[in-house]
Amino acid sequence: MEVIKTVGVVGAGVIGASWTALFLYKGFKVKVYDPYPIDEAVFKKRISANLNDLLALDQNAEPSYSQQDVLLHLEIFNNLKDAVSDVDFIQENAPERLDVKQQLYQEITAYCPEHTIIASSSSGLKVSDFQKEAQHPERILLGHPFNPPHLLPLVEIVGGNLTDPQILKQASEFYKQLGKNPIVLNKEVKGHVANRLQAALWREAFSLVEQGVCSAEDIDVAITSGPGLRWALFGPYINMQLANQKGFKEAIHHLGPPMTEWWNDMHAFQHSDETTELLEAQTNQLLTQYKDIDLYQTRDKGLVDILKLRQQLKLD
């Protein structure tokens, strides 16, 4: 594996800024490009806030840590070729449009070195669909984070039809060096893993409100005061194991029949302008409870505290 010293970030939105902060914090030189003009003041303000989160989370931070010194390793470009011409790893964060990705990967691979590993943050597209026209498609893979990437450890890795399996291993090792907890999928599927699980919950959350079973506020309370607290510690399989004193198999025997009834009773939620208006109205009503709170800041501070707790419990 080539030593990774310089990272290119293509796409400087919220996800790109989050990745940039993490790469900088871990000591890499970072070159950032976006097809639209980057407001450097806004971009650096985002990075600064993200760096503060990382410092708060880092129990081994050097007392001499200086954000100004870290930012010296950041370069911002308005030309893709200049941004990727000498990087070792690229994290791409372009819009979720297949035509955009296909064109972008042709350009990236025309300009970057042959050894460069290129990972896409795509939340739903398949790598096979945008790597085939690129040069060196074997070096292209999915490296999908969970938002915000500078804090949440998950990265979903999967290759396309033309990806070299060794590249997946190298990417996994690189993400581990960043402190990530990568999972390598056995095959491609739309939406990958975490987004499909999240979408399944959202489908029922939206359906229950649409049917008038409960309000959006009730849904949020049901999760944050119920299973969400358990999910911050263990996933669905371990939680099923803990649902019965006799373990997973007995729990499935006990809960399987009623859950099957519930699944069969669930309605397939269909997105429409009408339902969106209903759900937004309910959400806006819920937001009035948080009018004096910066929700993004509160979320990220809370995530730092949860991640610290997981470290204390030796779950990470």
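Which backbone oxygen lies 2.7 Å from a polar atom of the side chain of threonine 163? The backbone oxygen of isoleucine 140 does. The views below start from there.

This is a predicted model, in which local features need pLDDT of at least 70 and side-chain atom pairs count only at pLDDT 80 or more, while totals for chains, interfaces and linings use all residues. Residues are numbered from 1 along each chain as its sequence is written, and side-chain values use heavy atoms, with hydrogens and water left out.

**View 1. Threonine 163 sits in the loop between strand 7 and helix 7 (165–177).** Helices (H or I, at least four residues) and strands (E, at least two) are DSSP runs, numbered from the N terminus. Threonine 163 has a relative accessible area of 11%, so it is buried. Buried means under 20% relative accessible area, exposed over 50%, and partly exposed in between (1.4 Å probe, protein chains only). The side chain of threonine 163 also reaches the backbone nitrogen of glycine 160, at 2.8 Å. Beyond its neighbours within four places in sequence, threonine 163 is in contact with several residues, among them Val127, Gln131, Pro137 and Leu168. Contact means heavy atoms within 4.5 Å.

**View 2. Serine 128 belongs to helix 6 (residues 128–131).** Its relative accessibility is 10%, so serine 128 counts as buried. The side chain of serine 128 reaches the backbone nitrogen of asparagine 161 at 2.8 Å. Setting aside neighbours within four places in sequence, serine 128 is in contact with Gly160, Asn161 and Glu188.

View 3. The contact takes 16 residues from domain 1 and 11 residues from domain 2. How many salt bridges does the rule find across the interface of domain 1 and domain 2? It finds 0. A salt bridge is a side-chain nitrogen of Lys or Arg within 4 Å of a carboxyl oxygen of Asp or Glu. The rule does find 5 residue pairs in polar contact across the interface of domain 1 and domain 2 (both at pLDDT 80 or more). A polar contact is a pair of N or O atoms within 3.5 Å; within protein, one must be able to donate a hydrogen and the other to accept it, and residues adjacent in sequence count only if both atoms are side-chain atoms.

**View 4. Glutamate 40 and lysine 44 pair up within helix 2.** They form a salt bridge, with the closest N and O atoms 3.8 Å apart. The two residues are 4 apart, about one turn of the helix. Glutamate 40 has 39% relative accessibility, so it counts as partly exposed. Lysine 44, at 36%, counts as partly exposed too. Alanine 41 is also found in helix 2. Its relative accessible area is 59%, so alanine 41 is exposed.

**View 5. Lysine 29 forms a salt bridge with glutamate 75.** Their closest N and O atoms are 3.5 Å apart. The pair links distant parts of the chain, 46 residues apart: lysine 29 is in strand 2 (residues 29–33) and glutamate 75 in strand 3 (residues 74–77). Lysine 29 is partly exposed at 34% relative accessibility, and glutamate 75 is partly exposed at 30%. The structure holds 10 salt bridges.

**View 6. A cis peptide bond joins asparagine 147 and proline 148.** Its omega is about 5°. Proline 148 is found in the loop between strand 6 (140–145) and strand 7. Most residues other than glycine have a negative phi, and most peptide bonds are trans.

**View 7. Histidine 192 has a positive phi, near 65°.** Histidine 192 lies in the loop between strand 8 (181–184) and helix 8 (194–210). Is histidine 192 buried or exposed? At 3% relative accessibility, histidine 192 counts as buried.
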